[in-house]
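Student: I have a model open and want to go through its geometry. Can we work by question and answer?

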Amino acid sequence: MNIYAVSLEKGGVGKTSIAVNLAAAFMQVGIRVLLVDLDAQCHSSQWLGVSSDSLRADDSILGVIQGRPLGDCVRSTAEGIALLPAHPAMAGLPALLVSQPNSGLFTLRRAFNQAREQGADYEIVILDLAPARGPVQATALGTATRCIAPVQAEDLVIQSLKALVDSVEQARQINPHLRGLSILRNRYALRGAIDHAYDQALRDEYGPLLLQTVIPVRAALRHAAGVQQSVFRYISGDASEVRGLFVELVDELLRLDEVA
Amino acid sequence: MSTKSADRLAEIRARVARRAPESAPAPAAIGAAPADDAALSAASAHFLGIAEQIIQNKIVERIPVGHIAPDLRPEMRQPRLLPPPEELLAQGEPAPAYRELVAELLALGQSLHERQIQPIIVYPGTSAVYPAARYLILVGHRRWVAAMLSGIEALDAVVVEPPAVADRVRVQYAENEAREEFSDMERAWALTQMKQALGDAPWDAVESQFGISRSRRHELTRLLAFTPEQQRQIALLRMQETQIRSLHGALRASELTSEQVDRIIGRLAEIAGERRNAASAADDGSGRSVPRRAGIDGPTVARLVARAQRSAAESSRPSAPRWLLPLRDQLANVSRSIQRARDRVAILDDADADALLAEVEHLTIQLAALTAALTTRRE
């Protein structure tokens, strides 16, 4: 099982957009994938048409941590993506995690192991994280096999990336399966000289960590969220190009992690 | 998807389908073997905040609200200005001075009724004021007051060891710092508490405990020039240091008496009340909760201060011309700036130093002429 944690402490970089569409792309190539919404804002869940109004708190990761079988909580979205949805009560997840053994660092890992023993056979798990450092990010990186950071060529994003590099290094001390950080240039548009300067800074400092696939700014991604569909279901002029890019991304990750 | 992309998708699908089962990483590869203690401690310190580190590995208990109380010892006071529940209500009705605060706390109580998202943090202890108490509050004073006002019977709580005074101040400060309604007056009190907790340590030790700059600490501690009652009023108005800079500046420069400051703060409270009433009248009924603010900006305070200064100057010397007070203010400012600049001229390059020297010489000539005129007038 490969577990991808989509994370960056800076908000608004497109974590949910990547998590949702990457999950859809894995499904397209015939890989059994589970999307886990770990953000109490429930954005991944909403994107795929699952409203928290229709959920109980223990339908989310809160229930799994408290011993509910993963299979009971996972639901299939309208387009068939397996989703462990979020619930606003997950605002209390950090406090719940730190009350667990080892401050919850291995709580998610235990939950997935237990799910596997109970028959869950996902090949890929994608964790969509909130833009914050804390116990939830810790438990996600404590179980992930790779961290994916969506970035733009902007100062604050690059600063936030430095913090994430530290966090991944810390997590690798407790999680030997964490292969490292991959940086995904998302909503990438180099318009002026300053954008090019930040792009160069990214290449200079993080060159080996940059994924080859680059997702540009495309209306299809924004509009697909509005109609609660992934780009693989949403029909528009530029959706086709975006679908192709997410397939490229899947291919790159599969090769990187030697899945296929 | 274009033909090329569709071909690519088909190629990847075929590759995925061809995978031999044993070529995939073994699912059991994600073992649960714990890392060593040092790595675990380092990871906890990196990822967890101060409050989270205190409650890590502790279980959440349901504790009756009556068994919990705030620690009222002076050195243990909470950084937030929060009167006890019995002071907030008078005969079951919100006391007029606290009407908005009570409304906020009742809304918080309603939210606690529905779901308590985060446990409060308490430690074993007793209270002379609340004899039934078995635990004293470290974090969660506001939720406790809300629970008391709303008749909630029990709260989720984590019980920790009694903290050292300095740890307590640091945890409470960290817990409140990000909250929008945490006022600069309350920050200044926390700084003083920390200084005392560290055995009257130098201010730089306090700054490092809170991770704030020297200039920010200066800004905050200037607020302590107000009398304790004035400080309480300012905290109740939740005015930030920048909003009342002109007021504490005039007080510290002895340009206003404490009685004049009392009157100005009283007037600010009236203005805040008028603005709150206007805001209530214009309420859109959406029920949206907005942080309580006095709605008074810096220029409003500066106008009241200037008016008080003018009034004081006119009553003492009715014949003083209008330009005199502003000129004296400017001279005092220039004098302070020059004093500060004396220690910094070494860093100037030659061009800047020459330009400054020319301006100072011109000012010196003007000052000498003014001095001569004033001296001649006296003779």
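Predicted model: local features only at pLDDT ≥ 70, side-chain atom pairs only at ≥ 80, totals over all residues.

Tutor: Residues are numbered from 1 along each chain as its sequence is written, with chains lettered from A and ligands numbered from 1 in the order in which they are written.

Student: What percentage of the residues in chain A is buried?
Tutor: Chain A holds 11 helices and 8 strands, which are DSSP runs (helices H or I, at least four residues; strands E, at least two) numbered from the N terminus. A residue is buried if 20 or more other C-beta atoms, placed from the backbone, lie within 10 Å of its own. Of the 260 residues in chain A, the buried part is 56%.

Student: Is A:Lys15 buried or exposed?
Tutor: A:Lys15 lies in helix H1 (residues 15–28) of chain A. Exposed would take 12 or fewer C-beta neighbours. A:Lys15 has 27 other C-beta atoms within 10 Å, so A:Lys15 is buried.

Student: What separates the C-alpha atoms of A:Lys15 and A:Leu129?
Tutor: Contact means C-beta atoms, placed from the backbone, within 7 Å. Not counting residues up to four places away in sequence, A:Lys15 touches several residues, among them A:Asp128, A:Leu129 and A:Pro150. A:Lys15 and A:Leu129 are 114 residues apart along the chain, and their C-alpha separation is 7.5 Å.

Student: Which strands stand at the edges of the open sheet in chain B?
Tutor: The sheet has 5 strands in the order S1-S7-S5-S6-S2, with mixed pairing. Strands pair if DSSP finds at least two bridges between them. Each edge strand has a single partner, so one side of it lacks a neighbour in the sheet; these are S1 (60–64) and S2 (68–69) of chain B.

Student: At what angle do H8 and H9 of chain B pack?
Tutor: Axes are lines fitted to C-alpha atoms, for helices over the stretch in contact, and angles run from 0 to 180 degrees between N-to-C directions. The axes of H8 (residues 184–197) and H9 (residues 203–210) of chain B are 9 Å apart. Their packing angle is about 115 degrees.

Student: Which residues of H9(B) make the contact with H8(B)?
Tutor: H8(B) contributes B:Leu191, B:Met194 and B:Lys195. From H9(B) come B:Val206, B:Gln209 and B:Phe210.

Methods:
Contact = placed C-beta atoms within 7 Å.
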